[in-house]
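Dear colleague,

Please find the structure below, handed over for your study. The findings follow directly after it.

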Amino acid sequence: MKQVRPKKNLGQHFLTDLNIAKRIADTVDEPFAELPVLEVGPGMGVMTQFLVEKPRPLKVVEIDRESVAYLKATLFREQENPIIEGDFLRMDLREVFDGQPFVLTGNYPYDISSQIFFKMLDNKDLIPCCTGMIQHEVAVRMASKPGNKQYGILSVLIQAWYHVDYLFTVEPGVFNPPPKVQSAVIRMTRNEVTDLGCDEQLFKRVVKTVFNQRRKMLRVSLKQIFNGVQSASATFFEDPMMTRRPEQLSISEFVELTNKVGKELLSSTT
């Protein structure tokens, strides 16, 4: 069967190096080697061929009909078909393995990788581990710590719930077609946090608000939250924390800030 043509509108860059494909496939082995695996965007199955060798349930989700046909005619020709044809971002992940937790992996499309990880966060009780390949720049942001200019929204929201490990860099030449940027392989493993200690929705709102004006002090960027319906007290903005910028705050300090904002919102509406 002829090979699948990479489609620009789907952000397809097919990995061609089998050694790297195996290295990525092996990232699912620890620390949850007994859990089933869901691979996003298998394409022609260069990584999938190594995942099917592992003694654990595997399903793949692919939106490209040509890729689905290729996989059915090659890799999954003589076994039960584990292919879910559709859009990962629209899936109910509780239906994939009947509510059982699973490891998420894939060679993720660059243009929707952040959306994939936000969906992972929405299903963090189902996904104790997520591995795979993404754009190098995104991987660096996800793993960055406070005080680093790459530290941002994705860093805080993911690290609040997951340990992030930057595993290795992948050069453009091992793809068809080669992307214009480097790639990187990461592993995210659920941390011990079960409750942030603040309102989760407000936490997301605070993080996104202040990083959207990352060069400004918190007392300036937070005014957007008090958008005229409420008015924060002068003492709230006099808090020493308000003179800092978002990249200077740790996860625990963002939790503290969220609680301060929540308390102020409550007092200003009563």
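Phe-211 counts as buried at 7% relative accessibility, where buried means under 20% relative accessible area, exposed over 50% and partly exposed in between, with a 1.4 Å probe and protein chains only. Please note that this is a predicted model, in which local features need pLDDT of at least 70 and side-chain atom pairs count only at pLDDT 80 or more, while totals for chains, interfaces and linings use all residues. Residues are numbered from 1 along each chain as its sequence is written, and side-chain values use heavy atoms, with hydrogens and water left out.

The structure holds seven aromatic pairs; rings of Phe, Tyr and Trp (its six-membered ring) pair if their centres lie within 6.5 Å, and planes under 30 degrees apart count as stacked, over 60 as edge-to-face and the rest as tilted. Tyr-151 and Phe-211 form an edge-to-face pair, with 6.0 Å from centre to centre and 75° between the planes. Tyr-151 lies in the loop between helix 5 (136-143) and helix 6 (153-159), and Phe-211 in helix 7 (residues 200-211), so the pair ties together parts that are 60 residues apart in sequence. Helices (H or I, at least four residues) and strands (E, at least two) are DSSP runs, numbered from the N terminus. Tyr-151 is buried as well, with a relative accessible area of 0%. Together with Phe-254, Tyr-151 and Phe-211 form one aromatic cluster.

An open sheet of seven strands has the order 4-3-2-5-6-9-7, with mixed pairing; two strands pair if DSSP finds at least two bridges between them. Strand 4 (83-85) and strand 7 stand at the edges with a single partner strand each, so one side of each is left without a neighbour in the sheet.

Strand 9 runs antiparallel to strand 6 (residues 129-135), joined by seven bridges, and Cys-129 stands opposite Thr-189. Strand 7 (residues 162-170) also pairs with strand 9 in the antiparallel sense, over eight bridges, and here Val-170 stands opposite Ser-183. By contrast, strand 2 (residues 37-40) and strand 3 (residues 58-62) run parallel and are joined by four bridges, with Leu-38 opposite Lys-59.

Yours sincerely
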